Amino acid sequence: MEVNLNLKVWSEDGAGKVVEIPADMTARDVCQLLVYKNHCLDDNAWTLVEHHPILGLERCLEDHELVAQIQASMSSDSKFLFRKNYAKYEFFRNPLNFFPEQMVAWCQDSNGSIPQSQLLQNFLNSSSCPEIQGYLHLKEPGRRSWKKLYMFLRRSGLYYSTKGTSKEPRHLQLLSDLDDSSIFTVITGRKLHNAPTDFQFCIKPSKARSDCKELKMLCAEDEQSRTCWMTAFRLLKYGIVLYQSYNVPQQRKASLTPFSAPVRSVSENSLVAMDFSGRTGRVIDNPVEAQSAALEEGQTWRFGPDFAGCLRLKSIVFFFSSRCRNGAMIHRTQVWFHGRIMREEAHKMIIQQGQVDGLFLLRDSQSNPKAFVLTLCHHQKIKHFQILPCEEDGQVFFSLDDGATKFTDLIHLVEFYQLNRGVLPCKLKHPCTAVAL
């Protein structure tokens, strides 16, 4: 007889929900159940997060992991969070961004660049021997001091060299294996552990619940190297299973009946026209003028491969916009708007949901009560852009570029920059979402 268990999952806003699940339910299945129950958009970016508040650690469960087994190994204070993680499989799409050549040993031995497909094949193939190498800071057991060591991550485990950068077997000391351990992000900040940098992570034995003595606390020099170590740990531990999990939603998409024309996610009746023939962009409110503009342009924008190219070449462009524009506060209903949060909280949310290009949120400005701030991730760096109000003929507009391009509300602005990079380093792609269970 199959035994079900009650699983409590928490959202970012502190609300919890109990769901009944079978003992053999995977993390992916639990996420899909929660997506269904809470009417979320299923974009395969949802994850269950194993959160340990006392230890100050958390990690995203792999899609194939059995939730009941993970729950059985957790302490009473630990809990599961339901959260977006856009970077979960980003290394399959852009592997060279995750593995700098100087950190991958066989990249150096090859005396040349490695094709993306070969880079991943070496990690997924159990017979190959990729190796991540570089300096890491290791917290000394029972002390607040850290020691900088040259380390090597292999399938057999994480090693450090007792003599400089030597990788001779007699100079290598095993720090941790992969099979009975998991890798976590440290979320308590550098002050608690007197860490030398902000880029902490931790290897935690599966059997360890709340004993800090068994944790291997590590610190990288920068975000890219920390991401490299943590991604390589996942790949070397799980290998082809990760690739299979990544491919499941891709195969589901491929099995859908192809359409001869591109499918829009919104009605074409909700398209909004913009005129860029003058010095500033403006929304065309007059339907007669909008229809005339569309006829004049021949509606070639519908088939253009590069929307930004249309912006440069034509005086009129069109972009998707919500039909509802009632009231100046409509942006507060959007998943990407987070109100009066501080810059530090915006940073935390972006980091938690995966530092991929185009991950963004909007918030109220702390310095200017009438302005807003766009927080955007690009090349694993978080940048902030002020959105200022400007008045013209008695009407208030919003602009990111000192009035060169104006919008009647923030929804117009976001939808425009989702299709056009403009003054931003990249287009807005992934809204940073706080789901309420």
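1. Start with arginine 28. Setting aside neighbours within four places in sequence, arginine 28 is in contact with Asn44, Asp63, Ser245, Tyr246, Val248 and Pro249. Contact here means heavy atoms within 4.5 Å. Arginine 28 is part of helix H1, residues 27-37. It is buried, at a relative accessible area of 13%. Buried means under 20% relative accessible area, exposed means over 50%, and partly exposed is in between (1.4 Å probe, protein chains only).

2. Know what you are looking at. This is a predicted model, in which local features need pLDDT of at least 70 and side-chain atom pairs count only at pLDDT 80 or more, while totals for chains, interfaces and linings use all residues. Residues are numbered from 1 along each chain as its sequence is written, and side-chain values use heavy atoms, with hydrogens and water left out.

3. Now the whole chain. The secondary structure comes to 11 helices and 20 strands. These are DSSP runs numbered from the N terminus: helices (H or I) have at least four residues, strands (E) at least two. The protein chain has 437 residues, and 50% of them count as buried. Take the contacts between residues at least 6 apart in sequence: 55% of these join residues at least 24 apart. The accessible surface is about 22300 Å², and carbon and sulfur atoms account for 51% of it. Areas come from the Shrake-Rupley method with a 1.4 Å probe; for residues, only the protein chains shown count as cover.

4. Back to H1. Which residues of H1 are buried? They are Ala27, Arg28, Val30, Cys31, Leu34 and Val35. These residues cover an arc of only 160 degrees around the axis, so they sit on the same side of H1. The arc is that of the directions from the helix axis to the C-beta atoms.

5. Histidine 39 is found between H1 and strand E3 (46-52). Its phi is positive, about 55 degrees, although histidine 39 is not a glycine. Most residues other than glycine have a negative phi. Histidine 39 is exposed, with a relative accessible area of 74%. Asparagine 44 lies in the loop between H1 and E3. Asparagine 44 has a positive phi of about 65 degrees and is not a glycine. At 22% relative accessibility, asparagine 44 counts as partly exposed. Recall that Asn44 is one of the contacts of arginine 28.

6. Next, the largest nonpolar core. A nonpolar core is a set of buried Ala, Val, Leu, Ile, Met, Phe, Trp, Tyr and Cys residues joined through side-chain atoms within 4.5 Å. The largest one has 35 residues, and Phe99 and Ile132 have the most contacts inside it. Elements that give two or more residues to this core include helix H5 (116-124), strand E6 (132-139), strand E7 (146-154) and helix H6 (223-238). H6 supplies the largest share, eight residues.

7. Check isoleucine 132 in detail. Leaving out neighbours within four places in sequence, its contacts include Phe99, Met103, Phe123, Phe152, Trp229 and Ala232. A second, separate core has 22 residues, among them Ile330, Leu374, Tyr417 and Leu424.

8. Turn to the rings. How many aromatic pairs are there? The count is 16. Rings of Phe, Tyr and Trp (its six-membered ring) pair if their centres lie within 6.5 Å; planes under 30 degrees apart count as stacked, over 60 as edge-to-face and the rest as tilted. Tyrosine 150 and phenylalanine 152 pair edge-to-face, 5.3 Å centre to centre with 70 degrees between the planes. Both tyrosine 150 and phenylalanine 152 are buried. Phenylalanine 416 and tyrosine 417 also pair edge-to-face, at 5.0 Å and 85 degrees. Phenylalanine 416 and tyrosine 417 are buried. Ring pairs also link Tyr89, Phe91, Phe92, Phe98, Tyr243 and Tyr246 into a cluster.

9. The charged end of lysine 79 sits over the ring of tryptophan 10, 4.8 Å from its centre. The charged end of lysine 148 sits over the ring of tyrosine 135, 5.2 Å from its centre. The rule requires NZ of Lys or CZ of Arg within 6 Å of the ring centre and within 35 degrees of the ring normal.

10. Finish with helix H10, residues 343-352. Ala346, Met349, Ile350 and Gln352 are buried there. They cover an arc of only 165 degrees around the axis, which puts them on the same side of H10. The buried residues of H10 pack against strands including E4 (57-60), E5 (79-84) and E16 (359-364). Glycine 354 follows H10 and has a positive phi, near 95 degrees.
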